[in-house]
Amino acid sequence: MIEFNKISKRFGNLQVLNELDLCISMDGIFAILGPNGSGKTTLIKCLLGMVQPNSGSISLNSKAILGKWEYRNELNYLPQIANFPGNLTVFELIEMVKNIRPKRAEEKALIELFGLQNSLHKKLGNLSGGTKQKVNLILTFMFDSNLFILDEPTTGLDPIALIHLKELIKLEKAKGKAILLTTHSISFVNQMADEIVFLLDGKIYFKGTIMDLKQQTNNSDLENGIAELLAKHYV
Amino acid sequence: MRSRWSYVYFFFYLILGFVLLFLNNDLDNAVITLMNIIMVLTPLIGTIFGVMYYYNSKEFTELLLALPIKRNTIFMGQYIGIALSLSLSLVLGLGIPFLLYGVFMSSAIFNFGLLLVVGTMLNFIFVALSFNIAISTENKIKGFGYAILMWLFLAVIYDGLFLIALLLFKDYPLDKFSLIATLFNPIDLSRILILLKLDISALLGYTGAVFRKFFGTNLGFIVSFSMLILWIVIPVLRMNYVIRKKDF
């Protein structure tokens, strides 16, 4: 169970999160949606301890986590933009992350799944955006944790890699893991998400299942439903 | 640190050491010449390396931050890594030629050792200062500019201002003022520290003379040494404090 309790964060004059309360159960796939700049990434970074909220508290399995670091071993995080040190090779990076985390890693199957065998000894600086994202995915999925946090996992992936990613996520879900993700891809949400949260101006605008959203907006189509939510806001 | 530049730096000192010994043919003279070079160069290199490394490894840092490691550990590791590798370049680069020349057989060994210790401390001080500037400045170019300005100020401008102040207020007793002013500049401080040890009055200058008169050689030595340590401790503490609150 992840609990956000009255989380506020401002960057200068910009109030990104505004007394946000959110409860996320630790099973199934949970999608955070919202327009650009609505605070999705900030929310996730608060959970990871990379951004320190101005006020509020966060707990993971009823343990407060702000200011702590050990809990990060219990979760796998996929950053939004894969910024890797350019002078390392893929292999070196994987080995290094394995070294840092006191956990067993299974990277071989993933490397094969994403077809990166031939890129293993290339420098990260020379890889394309999509390939970097694949490396990013391998680094995230090679550890066995109960919680996966994926920030825009679909960016830059080709259709085949996207199918593999969906399979991976479904596989983890079947193992009873919790997956928390943000995305702009409606079809991805439609296929994968069990529950969605719609974030707007640092507050929760909607929380529930896809069915709930469709009912609430009287729309049979998720895309239109979300558009309607947004339209209400823009008026 | 996987950096070509620390090797370049190492070879620079190596060559410098050999050339100085060759030209001077005298250990004591070489130590003095070296001091003048180290006083200007180590701060500059420490500053530039510190800022450059911080900004260059930003992505890497962000990757590490999401892993189960304490924040302070990440940054202290980076800090000590870079300061130590620069100090190694300095100590090995200068140590090898002096060893070959037979520094152990001569009386200059203590002076030379002190020079290396002070150079190492300057490295740690200026890497810490430049890390402080880098973590407080998001913009790379600005951060670089501030860092260079800091070096220029402490290495050159500070002395200039100091001299002007001495000239302007020459009718007043300036002992205390100059004493305190010296403590606030790690470069001046280390210069005096070495000159006190070398015991060359002609090179001590005004501040050095005041320093010696006020503290005596031994006390002056201890005071300036502990001030140098403070110059390391305070920036490192501030760095840790800022890091704890910083958003990435």
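Leaving aside residues up to four places away in sequence, A:Leu139 touches A:Ile94 and A:Val97, where two residues are taken to be in contact if their C-beta atoms, placed from the backbone, lie within 7 Å. The structure is a predicted model, in which local features need pLDDT of at least 70 and side-chain atom pairs count only at pLDDT 80 or more, whereas totals for chains, interfaces and linings use all residues. Residues are numbered from 1 along each chain as its sequence is written, and chains are lettered from A and ligands numbered from 1 in the order in which they are written. A:Leu139 lies in helix α4 (residues 129-141) of chain A, helices (H or I, at least four residues) and strands (E, at least two) being DSSP runs numbered from the N terminus. A:Leu139 counts as buried because it has 28 C-beta neighbours inside 10 Å, the cut-off for burial being 20 or more other C-beta atoms within 10 Å of the residue's own. Between A:Leu139 and A:Ile186, which are 47 residues apart in sequence, the C-alpha to C-alpha separation is 25 Å.

In chain A, strand β9 (residues 195-200) runs parallel to strand β3 (residues 28-33), to which it is joined by four bridges; strands are said to pair if DSSP finds at least two bridges between them. β9(A) is also joined, by five bridges, to strand β10 (residues 203-208) of chain A, and these two run antiparallel. A:Phe198 of β9(A) stands opposite A:Leu33 and has A:Phe206 as its bridge partner in β10(A). The hairpin formed by β9(A) and β10(A) has two residues between the strands, and A:Asp201 in the turn has a positive phi of about 50°.

In chain B, helix α1 (residues 4-24) packs against helix α4 (residues 71-101) at an angle of about 30°, with the axes 8 Å apart, the axes being lines fitted to C-alpha atoms over the stretch in contact and the angles running from 0 to 180 degrees between N-to-C directions. α1(B) is therefore roughly parallel to α4(B), a description that applies to angles under 35 degrees. Among the residues that make this contact are B:Phe10, B:Tyr13 and B:Phe18 of α1(B) and B:Leu90, B:Ile96 and B:Phe98 of α4(B).

Between the chains, 17 residues of chain A are in contact with 15 residues of chain B. The side of chain A that touches chain B divides into ten nonpolar, four polar and three charged residues, with Ala, Val, Leu, Ile, Met, Phe, Trp, Tyr, Cys and Pro counted as nonpolar, Asp, Glu, Lys and Arg as charged, and the others, Gly among them, as polar.

How values were computed:
Buried ≥ 20, exposed ≤ 12 C-beta atoms within 10 Å, placed from the backbone. Parallel < 35°, antiparallel > 145°, perpendicular 65-115°, else oblique.
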